[in-house]
Amino acid sequence: MRGLWGRVWQRRTPLVVLMAVVGIAGAVLATRDSGGGHLAANRAQLRKACDGTLPYGDLERLVRDERPGELRQHGTMLAPGQESRSLLDCSLSWGDGHGVTVHAEALVSDVPEAVETRDLLEPAGGRGTFVAPGTTGQYGRRGAWLVAECQGGIGGRVRPTTDLYVTARVTDGTDDGTDGTDSADGATAGSGKPDRATALLGFRTAVHVANALTKAQHCGSGPLTTPTAVVDTDETHGAPGQGLRKCEWIDGSSLPGVASGSWTTLGDLQESPGLSACAGEWDAEKNAGERPRPKQWQVTEVEAASWSGILGRSAYDSYEREGHVPGWGAEDDGPASEAGSEADAEPGAPQEDRVSSYAGRPQLALWARSVCGGRTTYHRVAVLPEIRLEDGETAVIGGKDRARLSTAARTVLDRYLDAGDGWPASAKCRDTKVLGEVEQWH
């Protein structure tokens, strides 16, 4: 019997071993299918995704192992023959909120972001956001966005263009910090600002994508510098935009036509070659007990901003839609400033006007155009007077006060353009032409 059982066991041993091997292999396969074992493949996918434009070193830590990465991508960089306004639209997700979405397009119309003076100085409606010094852009509703130049022109476009718009949104499983609007891939984003690390990762990704695309397009311009830090523009975080050197020309003691005393200045923090903004305000707290309160119609706030290239066109168009450009309402196919006559460039005979207490920020703006860094550039300065009104009241600005504001606006423009440490000087602006005034009393 022992011999029989021994022979039976010997005959069954290979079968048992085979079943065990199959069982182990099945378990491994089941484990891979149910979650796990995808890390190597997902990393390889990251290297090639989005036409190889993503920064692998920055994004590698986000790659998950639990399931295969989901990639969606299209654009003319991937398929040159297809009809698409996008050079690249790409989304790569590893589940549980980990992923990256990038978008790049050749700008044939305005920049799809808010770039008026207050948008540069008080981003996100005053709530603040992140900027990466040296990069033209902000952290907005689609993550980090930037504008880059392609001097050689971007190919494959019906309309020629030399400007590139790129967005990048990176998520690590937590709220990505966008403002609740639809993202580039159609998903609804979170409700608050991102953390500093997430914002920086978004900017680094956007810059990497932009550099890859401008290289592929043979743009001829050098690569953008990859940012190593971001700055929070929120004033509750120490008001980093106050007292910037480029805004020091705003000084109540040396700027004729404005209220004398201490002024507080604020500047944008992008350190961009394509745009800049400064503002100054008479400081009531610092001047308390030292200076009398400014008189009615005396200038207590000033603004100055510049935009080059497509940013200039975008800013001008934005103000034009509000009726806040010189000659607005004239029959003209192009920007009203370019159709204006030399007579429009000089202040006309000031007329009496009325300002309601319900007006937002009554001001007199003055526009000019230069060539800065080889690109057409628009400048806008504004003077904001002291107006004391109760609700429902209306103030009347007479001819003399109106003339003083006009003189102050021209003085502010001249001082801004001539300031040695200001943006126009650093951009080597030349051939400036004053375009005209805009009364924003209502």
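Arginine 375 sits in strand β14 (residues 375–385); strands are DSSP runs of E with at least two residues, and helices are runs of H or I with at least four, numbered from the N terminus. This is a predicted model, in which local features need pLDDT of at least 70, side-chain atom pairs count only at pLDDT 80 or more, and totals for chains, interfaces and linings use all residues. Residues are numbered from 1 along each chain as its sequence is written, and side-chain values use heavy atoms, leaving out hydrogens and water.

**Exercise 1.** Find the residues that arginine 375 contacts beyond four places in sequence.

*Solution.* Start with the cut-off: contact means heavy atoms within 4.5 Å. Arginine 375 then meets Glu149, Thr162, Asp163, Ser308, Gly309, Ile310 and Ser370.

**Exercise 2.** Decide whether tryptophan 423 is buried or exposed.

*Solution.* First place the residue: tryptophan 423 belongs to helix α11 (residues 423–426). Next, recall that buried means under 20% relative accessible area, exposed over 50% and partly exposed in between, with a 1.4 Å probe and protein chains only. Tryptophan 423 has 7% relative accessibility, so this residue counts as buried. Finally, look at its partners beyond four places in sequence, among them Ser308, Cys372 and His379.

**Exercise 3.** Work out how far apart tryptophan 423 and cysteine 372 are in sequence and in space.

*Solution.* Along the sequence, tryptophan 423 and cysteine 372 are 51 residues apart. From C-alpha to C-alpha, the separation of tryptophan 423 and cysteine 372 is 9.7 Å.
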